[in-house]
Amino acid sequence: MVKLPIYMDNHATTPLDPRVLEAMMPYLTNKFGNAASRNHQYGWEAEEAVEEARKQIAALIGADPREIVITSGATESDNLAVKGVAYMYREKGDHIITAVTEHKAILDTCKHLEKDGFRVTFLPVNNKGLVDLDDLKNAITDKTVLVSIMTANNEVGVIQDVKEIGRIARERGVLFHTDAVQAAGKVPFDVNAMNIDIASLSAHKMYGPKGVGALYVRRRNPRVLLTPIIDGGGHERGMRSGTLNVPGIVGFGKAAELARTDFAKESAEMFRLREKLRTTFERELDEIYINGDLEKRLPGNLNMSFAYVEGESLLMGINDIAVSSGSACTSASLEPSYVLKALGVGEDLAHTSIRFGVGRFNTEEEVDYVAQRVIETVRRLRELSPLYEMAKEGIDLKSVQWAAES
Amino acid sequence: MAYSDKVIDHYNNPRNVGALPKEDPNVGTGLVGAPECGDVMKLQIKVNQETEVIEEAKFKTFGCGSAIASSSLATEWVKGKTVAEALAIKNTDIVKELSLPPVKIHCSVLAEDAIKAAVTDWKKKHEK
């Protein structure tokens, strides 16, 4: 029997790898020094541990350790990247380009900058979730200072052509930032091969601890300068002040190292399990739709709409399984997913979407269990669904005059 | 989000799921909500022409657990009531019975609307 509940929401967060915890333990106990203490043993050993972790994080993305700025997480990294470039290069230009499917940490930061007088272009995506490179080329002006496009989307797992986006930006002398939170450690990611100038990373999406992230900031060709958003003691080469979270950073380093060494085997296995889940659904259920491009996608991501079954009611029926839904009823805003909307997924189908995130610790047994539970529940709820009944009677749901609630 | 025990019970064991013949003159059908809003309820009643007592009620709902529970409860409540009594059921009664949180009040409103729509449909069949 599988152990319940099953965690399959690995885009939201990932469990801490026991090997990571083991690496962190000394720094949560005896080795408690402040890495900025320059005059005693405690400080030295903390600093040494941080520098080792910095190397491990850099190695994962093909960077130099001196290009890694530690932050409190990806939201801070995204803020520092976008605001840092905007304020540093304000003399040069006031225009930023991003895309509508970015994480809120980018979108809301850009909206903040708009209020501060910057101009932002939010590029659309096609129905596969991909940015059109010609749209990008056309959007760049001589006032553009930054292009920020995520590598892999957190909802639909779609992977942008980052290398080409980076090439276009560099050709035009524009800095390129990518939110690589979901991609790093899951798909090949190299800042030099992919023409990336700035990249956001998060530890807890790669089996590390929460509360620690990093920003890759290119040192040469071109050298990127950022205006800090947190002022203080001048830590992290002045780009991010604040006492370093030594145990968190050590954990991040270990997590990055594990992601790098196990990379090939692990992503192949996640892909195999994800495909098993997908093909089982497609064999057993009608009227299900994959949201986003199937090929250019994170190996562990499956975002699917189960037509005529509202997402929250589906989650309620599979309450021993942790997944998430694009349904409005499950979000704080009561709006269905803006990412699915941007892909042109109708609100009716957006309400029926479920995101499965297969991760390192999921087993085949779990995938089989999840598939069976979802299939049973979808069938049961479709028996309960007036829409399924109408569709089976041949009624075109789009032609119905719906009496919206009063 | 935590659901009340009653919502969970209705979700796991929905009462009166199914369909009544739409064309039957004694049957009234109410279809409310919209797929884009994430909630659609179909509630049907079968009325005794002599006594105006609702003898049967069926529902099908596309929506969250609270929407399913609200409509399931509505069918339970209208059964055995006269049409006039059924019309007196208020969404607030449903909220109270199911302990719905504020964000789910619209589910109870929809259930009340579904009862009214079913009665209206039944009445229409007997006009003229």
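Start by selecting helix α2 of chain B: it has 14 residues and reaches 20 Å from its first C-alpha to its last, close to the 20 Å expected at 1.5 Å a residue. That expected span is 1.5 Å times one less than the number of residues. Helices (H or I, at least four residues) and strands (E, at least two) are DSSP runs numbered from the N terminus.

Before going further, a word on what is on screen. This is a predicted model, in which local features need pLDDT of at least 70 and side-chain atom pairs count only at pLDDT 80 or more, while totals for chains, interfaces and linings use all residues. Residues are numbered from 1 along each chain as its sequence is written, and chains are lettered from A and ligands numbered from 1 in the order in which they are written.

**Stop 1: a covered helix in chain B**

Keep α2(B) selected. How many of its 14 residues are buried? The count is 12, which leaves α2(B) mostly covered. Here a residue is buried if 20 or more other C-beta atoms lie within 10 Å of its own, exposed if 12 or fewer, and partly exposed in between, with C-beta atoms placed from the backbone. Among the buried ones are Gly65(B), Ile68(B), Leu73(B) and Val78(B).

The axes of α2(B), residues 65-78, and α5(B) come within 9 Å and cross at roughly 40°. Axes are lines fitted to C-alpha atoms, for helices over the stretch in contact, and angles run from 0 to 180 degrees between N-to-C directions. The crossing is right-handed, meaning that the near helix is turned clockwise from the far one by less than a right angle.

To see where the helices meet, pick residues including Ser66(B), Ser70(B) and Ala74(B) on α2(B), and Cys107(B), Ala111(B) and Ile115(B) on α5(B). This contact has eight nonpolar, four polar and no charged residues. In this grouping, Ala, Val, Leu, Ile, Met, Phe, Trp, Tyr, Cys and Pro count as nonpolar, Asp, Glu, Lys and Arg as charged, and the others, Gly among them, as polar.

**Stop 2**

Next, select strand β2 (residues 39-47) of chain B. Eight of its nine residues are buried, so β2(B) is largely enclosed by the rest of the structure. Eight bridges join it to β1(B), residues 27-34, running antiparallel, and eight bridges join it to β3(B), residues 54-62, also antiparallel. Two strands pair if DSSP finds at least two bridges between them.

Lys42(B) is a handy landmark: Leu31(B) stands opposite it, and its bridge partner in β3(B) is Lys60(B). Then follow the turns. The hairpin of β1(B) and β2(B) has four residues between the strands, with Gly38(B) at a positive phi of about 85°. The hairpin of β2(B) and β3(B) has six, and there Glu52(B) takes a positive phi near 60°.

**Stop 3: an enclosed strand in chain A**

Move to chain A and select β8 (residues 213-217). Five of its five residues are buried, so this strand is largely enclosed by the rest of the structure. Gly213(A), Leu215(A) and Val217(A) point one way, and Ala214(A) and Tyr216(A) the other. Four bridges join β8(A) to β2(A), residues 68-71, in antiparallel fashion, with Val69(A) partnered to Leu215(A). Five bridges join β8(A) to β7(A), residues 198-202, again antiparallel, and there Ala199(A) partners Tyr216(A).

In the loop between β7(A) and β8(A), find Met206(A). It is buried, with 26 other C-beta atoms within 10 Å. Thr13(A) is 193 residues from Met206(A) in sequence, yet 8.1 Å away in space, C-alpha to C-alpha.

**Stop 4: an open sheet in chain A**

Select β9, β10, β13 and β12 of chain A, which form an open sheet in that order, with antiparallel pairing. β9(A), residues 288-290, and β12(A), residues 324-325, stand at the edges with a single partner strand each, so one side of each is left without a neighbour in the sheet.

**Last stop: where the chains meet**

Show both chains together. Here 23 residues of chain A are in contact with 26 residues of chain B, contact meaning that C-beta atoms, placed from the backbone, lie within 7 Å. On the chain A side, α9 (311-317), α11 (347-350) and α13 (386-392) are the elements that give two or more residues. By class, that side has 12 nonpolar, five polar and six charged residues.

Key:
Contact = placed C-beta atoms within 7 Å.
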